[in-house]
Amino acid sequence: MKKGKILTCFALITLCFLLVSNAYAQKSLTVGEVTAAPGEKKSGYLVVPAGSDAPEVKVPITIINGKEPGPVLALTAGVHGYEYPPVIALQRLRKKLDPSMLSGAVIMVHVANMPSFMKRTVYYNPYDWKNQNRSFPGSPDGTMTERTAWVITKEVIDQCDYLIDNHCGDGNEDLMPFLYCTEVGNPEQDRKTRELAVNFGIKVIIHEIDRPKDPSQSVYCANTALVRGKPAITTESGKLGRSDEEDIKRLTHGIYNTLKHLDMIDGEVQLLFDPVWVTEYQIIRSDYDGIFYPLVHRAQHVQKGELIGYLTDFFGETIQEVKSPYDGIVLYIIGTPPMGKGEPMASIGKFK
Ligand SMILES: [Zn+2]
């Protein structure tokens, strides 16, 4: 009897130990068609179903599943298909990241907007002319852009703990590096988002509090994670449809910093400078279709009222002057001639 009790106790303790250790063991992760067991790196596709507007689209993804447990970090690129440094940065990271050295998992979305990437369109998907980064969380019954956003929301954002959506100046934007840090009003989550922003290592951080709070109308990719309780940032590194080495390296360096900050790989976060916070920015939009002439460039300091560009009609007659709304810095300015009515001409930031 006594011996029986001891054996029962021993069996219970063993069971508890197995349950606890299993709960903390790294598990397989499935995203779309791709499943990676602990210690595996697997690539494949998220399939966005065909609709009446467009054929099926395949979004290339990679899962790098660590051997040890830890957070799931989602990295998205190509939400805007003419923004190349994020796409190239993820290609490099996919090769270098070793699952045996990783705790947790990384999900990479290599080109989130494949039709825009293949057709080289700025801002918009060429099937429905919608902006993917204004279409989240998307809809299974919507147009191609909305269906794609929906698949990314369900398969990637719903499964991650942290998200970094990587952008740059689109094919027409002369942009300086910065990132968006958005607070949602939850002190614990906001602290983690600020830490994510500061530890990435891009100097200029735009602090925002007024993005949509409704999960069914989250609009932006990173905001879709934020309103679902997950710390997330949007990075901007690159300009004018180019793939400059310094812009790619800024992203790979920042993502390595993030992996270290989240204790997903060994090593110390390396920050090259203290952050500078931008507390306000203004996007100046065009009143007309026309031809745009910038008079300043990215990262240039400008004064309130300074002429920073002008718009002409198609005969060269000036129809709109663009002046800086305050003393600040040029976050981006359009660097190529075509300008559509209502589209951004420049974004000016104001420092804290
Ligand atoms: Zn973008």
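These legends describe close-up views of a predicted model.

**View 1. The whole chain.** The protein chain has seven helices and 19 strands. Its C-alpha trace spans about 100 × 50 × 35 Å along the principal axes. A compact globule of 352 residues would have a radius of gyration near 20 Å, and the 23 Å of the protein chain agrees with that. Of the 352 residues, 51% count as buried. Among contacts with a separation of 6 or more, 70% join residues 24 or more positions apart. The exposed surface comes to about 16,300 Å². Carbon and sulfur atoms supply 54% of this surface.

View 2. H80 sits in the loop between β5 (68–76) and α2 (84–96), while H167 belongs to strand β7 (residues 162–167), so the pair ties together parts that are 87 residues apart in sequence.

View 3. Buried here means under 20%.

**View 4. The largest nonpolar core.** This core has 32 residues. Those with the most contacts inside it are V31, L46, V156 and L163. Several elements give two or more residues to the core, including β1 (29–31), β3 (41–48), β4 (57–65) and α4 (144–155). Follow V31 as an example. Leaving aside neighbours within four places in sequence, V31 is in contact with L46, I61, I63, I107, E155, V156 and Q159. A second, separate core has 31 residues, among them L73, L93, I164 and L196.

**View 5. T252 in helix α7.** T252 lies in helix α7 (residues 245–261). With 13% relative accessibility, T252 counts as buried. What does T252 contact beyond its neighbours within four places in sequence? The partners are A89, R92 and L93.

**View 6. A25 and G104.** A25 is found in the loop between α1 (2–24) and β1. At 32% relative accessibility, A25 counts as partly exposed. G104 is 79 residues away from A25 along the chain. The C-alpha atoms of A25 and G104 are separated by 10.0 Å.

**View 7. A cis peptide bond at P137.** The bond from F136 to P137 is cis. Its omega is near 5°. P137 is in the loop between α3 (114–119) and α4.

**View 8. Two positive phi angles.** V219 is not a glycine, yet its phi is positive, at about 70°. V219 lies in the loop between β10 (204–208) and α6. D263 has a phi near 55°, again a positive value in a residue other than glycine. D263 is placed in the loop between α7 and β12 (276–285). Is D263 buried or exposed? D263 is exposed, with a relative accessible area of 62%.

Conventions:
Residues are numbered from 1 along each chain as its sequence is written. This is a predicted model: local features need pLDDT of at least 70, side-chain atom pairs count only at pLDDT 80 or more; totals for chains, interfaces and linings use all residues. Side-chain values use heavy atoms; hydrogens and water are left out. Helices (H or I, at least four residues) and strands (E, at least two) are DSSP runs, numbered from the N terminus. The radius of gyration is taken over C-alpha atoms; the globule rule is 2.2 Å times the number of residues to the power 0.38. Buried means under 20% relative accessible area, exposed over 50%, partly exposed in between (1.4 Å probe, protein chains only). Contact means heavy atoms within 4.5 Å. Accessible areas come from the Shrake-Rupley method with a 1.4 Å probe; for residues, only the protein chains shown count as cover. A nonpolar core is a set of buried Ala, Val, Leu, Ile, Met, Phe, Trp, Tyr and Cys residues joined through side-chain atoms within 4.5 Å.
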